[in-house]
Amino acid sequence: MTETASATPPSSPAPDAARPAPPPARRSVVKAAAAGAALVPLAAARPASAAGAAPANAAAAAFLHGVASGDPLPDGVLLWTRVTPSPEAVPGSGLGPAVQVTWTVAEDRNFARVVAAGTVTADASGDHTVKADVRGLRPATDYWFRFTADGAVSPAGRARTAPAHDTAVDSLRLGVVSCSNYEAGYFSSYRHLAARTDLDAVLHLGDYIYEYASGDYAGRGKVLRPHVPSHEITTLADYRARHGRYKTDPDLQAMHAAVPVIAMWDDHEFANDAWSGGAQNHQPDTEGDWAARVSAAKQAYFEWMPVRPSVAGTTYRSLRFGRLADLSLLDLRSFRSQQSTIGNGDVDDPDRTITGRAQLDWLKKGLSASDAAWRLVGTSVMISPVAFGSVPAHLLGPLAELLGVPKEGLAVNVDQWDGYTDDRRELLTHLRDNAVRNTVFLTGDIHMAWANEVPVKAATYPGTPPVATEFVVTSVTSDNLDDILRVAPRTVSLVAESAVKSANRHVKYIDMDRHGFGVLDVTAERAQMDYYVLADRSDPASAASWSRGYRTLAGTQQVERADAPAR
């Protein structure tokens with residue numbers, strides 16, 4: 001259940017409430033959030049027959065799935081948790097009594113200076129999830145929040161509001177992640193993001209969960225830790241249980257507790273290669289009506305994620321960070337036409353769309369109207385064109401699996417903007433003709449890291465200047481090129497990277513063989529993406545290290561290499 005509330009002082013203020021002390025320094029607040037999250041007892045640490053199963057002798061409510069905040073606004077933030085009121089009330093069960101859950105927001109981690117509180121009823125109709133859309137808070141401020149129910153107290157989380165819309169902002173720093181397959185590895189990337197002291201938010205670009213049956217999409221063919229439920233998820237109960245399983249992960253819980261998450265979906269929140277009328281991984285004869293499956297997936301997503309539903313119950317929406325950056329988030333699954341099939345030659349058909357008319361008009365209008373220094377666009381699939389004429393034949397198969405490229409080697413990526421060229425042409429032409437500067441596309445999906453200049457027509461690049469830049473982050477755990485081929489790291493991928501770059505001069509950087517995360521640092525002068533890689537996704541204690549940094553300077557729409565991480 002979701003509640004919207006304005007911040008109000010507590011009925012019994014703390015002794016110093018009449019003259020509030022300054023909130024703790026941001027660095028110490030985030031450190032404490034990460035440390036506090038690490039101390040929470042987690043359902044993932046013990047065997048369970050279902051996602052987040054409560055211990056058999058549980059006698060009271062418990063918060064087994066952590067806490068989260070998301071979608072920060074200048075005056076508010078969305079808070080989330082899930083309460084387990086009784087042992088049988090596991091995610092997706094439809095069981096368990098209704099319970100009153102109280103949320104509290106404070107200026108300090110000890111909750112001595114409470115600024116807002118409220119009560120929400122959690123019951124089986126919403127899978128005992130809780131949302132509170134708290135308003136009336138101060139801009140650009142750190143807050144602490146927690147939940148209580150039947151004597152149980154949740155871990156504390158840290159939330160941060162956005163700067164006021166008309167405020168000058170020196171910098172914005174976002175963690176950027178995508179493609180977190182539970183069976184393929186541990187979420188060490190989330191742990192490293194949670195431990196940082198400098199993030200305003202984490203941007204999750206999709207494939208937060210995967211829909212497959214256990215073993216169908218494991219890491220290098222090996223199930224490191226099994227899905228719950230073990231079968232492919234198709235019903236509301238299934239999607240709820242899968243979300244619940246993910247949110248028992250300690251690193252995922254730590255990230256959500258430490259920093260607001262801004263999330264959008266891609267295909268695996270539904271089924272592989274989803275489009276408006278179906279999906280590659282959906283068989284109506286055995287898996288039922290597609291519309292019913294989508295409805296179930298969306299309901300579970302909005303129950304379990306700290307995300308506000310937007311237009312038509314989708315995730316396309318915008319957020320603003322002062323006068324520094326506007327962030328537009330796209331939904332590229334709900335309205336798209338079916339992907340082209342090999343030999344159809346219909347990728348340029350103006351009647352086919354990846355965005356839908358209303359969303360594309362909304363995006364164009366927002367980009368033109370923005371008075372921010374930077375226009376950031378979260379696009380779950382890559383917008384830069386990619387040709388594959390010089391790629392060796394033996395690499396076309398595995399690249400096709402990652403990119404959606406026909407195995408015959410045609411220069412089209414049919415699940416991404418390459419398969420919907422009329423929408424891309426209209427959007428990029430709009431940027432050029434209206435002199436819309438400093439547009440940066442932020443992308444996930446393909447389990448690789450890229451830094452691209454985005455031309456209106458790749459065939460005329462570099463004769464015609466780019467109109468935007470694009471930073472693509474690799475996967476948190478999902479298989480990359482060498483994983484798919486089951487060869488040693490930095491072997492086949494090096495050959496493929498060289499071939500792709502030689503055929504695509506607008507691609508300035510590509511890494512087909514790492515797992516990790518990105519950190520985007522934005523100032524008035526430049527936007528820089530730093531790429532961090534994990535030592536070993538199969539190691540829950542894996543280290544992470546800076547691999548590369550690429551940036552675009554204001555007004556250039558060009559990409560250049562950075563010598564060091566942004567400071």
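User: How are helices and strands defined and numbered here?

Analyst: Helices (H or I, at least four residues) and strands (E, at least two) are DSSP runs, numbered from the N terminus. The model is predicted, so local features need pLDDT of at least 70, side-chain atom pairs count only at pLDDT 80 or more, and totals for chains, interfaces and linings use all residues. Residues are numbered from 1 along each chain as its sequence is written, and side-chain values use heavy atoms, with hydrogens and water left out.

User: Where is F111 found?

Analyst: The loop between strand 4 (99-106) and strand 5 (114-122) holds F111. Its phi is positive, about 60 degrees, although F111 is not a glycine.

User: Is F111 buried or exposed?

Analyst: Buried means under 20% relative accessible area, exposed over 50%, and partly exposed in between (1.4 Å probe, protein chains only). F111 counts as buried because its relative accessibility is 9%.

User: Which other residue has a positive phi without being a glycine?

Analyst: D273 does, with phi near 55 degrees. D273 sits in the loop between strand 12 (261-263) and strand 13 (274-275). At a relative accessible area of 22%, D273 is partly exposed.

User: Which residues does a cis peptide bond join, and what is omega?

Analyst: V228 and P229 are joined by one, with omega about -10 degrees. P229 lies in the loop between strand 11 (201-204) and helix 3 (236-246).

User: What is omega for the peptide bond from Y461 to P462?

Analyst: Omega is near 5 degrees, and this bond is cis. P462 belongs to the loop between strand 19 (449-454) and strand 20 (468-472).
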